[in-house]
Amino acid sequence: MPFPEFDPVLFSIGPLDIRWYALAYVAGIVLGWWYAAKLIRNTAIWAPGKPPLSTVQLDDLILWITLGIIFGGRFGYALFYKPELYGALFSGISWGDRLALFRLWDGGMSFHGGMIGTTLAVVIFAWRNKLATLSIGDMALAAAPFGLFFGRVANFINGELWGRETTVPWAVRFCNARIEQLYGFCPAGDVPRHPSQLYEAGLEGIALFVILWLAVFKWRLLAKPGYVTGLFLFGYGLARATLENFRQPDFGMENLPLGLTMGMMLSIPMMIIGAWLIWRAWSRPPVAA
């Protein structure tokens, strides 16, 4: 299957390009904001406790989370995948080289880095406002699959983070005129590959959202702080580690120990922490108001 002639720029306003990738972040944050506000207003799902914050406080929290996603995602990408960006910050030949770490429009964001940044944002916000950290985390992560879904669809539109070579009937050749014009060649080669971005959109986005929705509305697990957070961490870690078998390893990281990929290595600690949080929440009684 040939890769469609997607244009990563939806439209332009003068010199400003509005890209699908940026809109994916906006859509994920806005829909997550809407969903989190819906959870706060539904006091019954928190019983016998109550929502951990008000909708006014949620508006402030969204700004903290947005900054955590952006800076954590970018700095994490540089740390895990391109540490030379930190070296260029101090030894680059030109200011353009030195500031490459901050050029978000060049691409390069890490989910695991964004997760660390968001965690720090939630912890600091909860501490400053004397709020329940785990309950806020439960609310935020119940809404996180919105961003995961749109982000992976944007990865597909950009023709990046492609899968391994395969012969399945739905394989995609991530090569078209736009990519050849942009790079001078097709980085993925003109070979059929798994559309792993769409696998991740389905598993990390849709399937994980359904599980967390059941946890919130069917099983009423918001009454046990940390349970939904644990489900998210374990569920995402398991999905990501599984799908790494279909995703092409990042350049220069094809031969990591034990056949692991960087995505697997970063997801294993998530699964361990998630399992511990689930055990901890399950073994404790619901928190009363």
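Phe3, Phe6, Phe156 and Phe174 form one aromatic cluster, where rings of Phe, Tyr and Trp (its six-membered ring) are taken to pair if their centres lie within 6.5 Å, with planes under 30 degrees apart counted as stacked, over 60 as edge-to-face and the rest as tilted. By this rule the count comes to 18 aromatic pairs. One of them joins phenylalanine 3 and phenylalanine 174, a tilted pair with 5.2 Å from centre to centre and 40° between the planes. This pair links distant parts of the chain, since phenylalanine 3 sits in the segment before strand E1 (9–13) and phenylalanine 174 in the loop between strand E3 (172–173) and helix H8 (177–183), 171 residues apart. Helices (H or I, at least four residues) and strands (E, at least two) are DSSP runs, numbered from the N terminus. Phenylalanine 3 is buried, with a relative accessible area of 3%, and phenylalanine 174 is likewise counted as buried at 1%; buried means under 20% relative accessible area, exposed over 50%, and partly exposed in between (1.4 Å probe, protein chains only).

This is a predicted model, in which local features need pLDDT of at least 70 and side-chain atom pairs count only at pLDDT 80 or more, while totals for chains, interfaces and linings use all residues. Residues are numbered from 1 along each chain as its sequence is written, and side-chain values use heavy atoms, with hydrogens and water left out.

Turning to the chain as a whole, the protein chain has 11 helices and 4 strands. Its radius of gyration is 20 Å, close to the 19 Å that the globule rule gives for 289 residues, so the chain is as compact as a globular protein of that length; the radius is taken over C-alpha atoms, and the rule is 2.2 Å times the number of residues to the power 0.38. Along the principal axes, the C-alpha atoms fill a box of roughly 60 × 45 × 40 Å. Buried residues make up 46% of the 289 residues. Of the contacts with a separation of 6 or more, 73% are accounted for by residues 24 or more positions apart, contact meaning heavy atoms within 4.5 Å.

Helix H6 (residues 133–143) is mostly covered, with 9 of its 11 residues buried. The buried residues of H6 pack against helix H1 (20–41), helix H2 (55–80), helix H5 (111–129), helix H7 (145–158), helix H9 (196–218) and helix H10 (227–243). Among the buried residues of H6 is Asp138, which has no salt bridge, the nearest side chain of opposite charge being that of arginine 280, 8.5 Å away. For these assignments Lys and Arg count as positive and Asp and Glu as negative, while His and the chain ends are not counted, and a salt bridge is a side-chain nitrogen of Lys or Arg within 4 Å of a carboxyl oxygen of Asp or Glu. Leaving aside residues up to four places away in sequence, aspartate 138 touches Leu222, Lys224, Pro225, Gly226, Tyr227, Val228 and Thr229.

Side chains of opposite charge can pair when their charged atoms come close. The structure holds 7 salt bridges, and Arg152, Glu200, Glu204, Arg240, Glu244 and Arg247 are linked in a network of such bridges.

Glutamate 200 takes part in two of the bridges described here. With arginine 240 its closest N and O atoms are 3.9 Å apart, and that pair joins helix H10, which holds arginine 240, to helix H9, which holds glutamate 200, 40 residues apart. Arginine 240 counts as buried at 3%, as does glutamate 200 at 1%. With arginine 247 the closest N and O atoms of glutamate 200 are 3.3 Å apart; arginine 247 lies in the loop between H10 and H11, so this pair ties together parts that are 47 residues apart in sequence.
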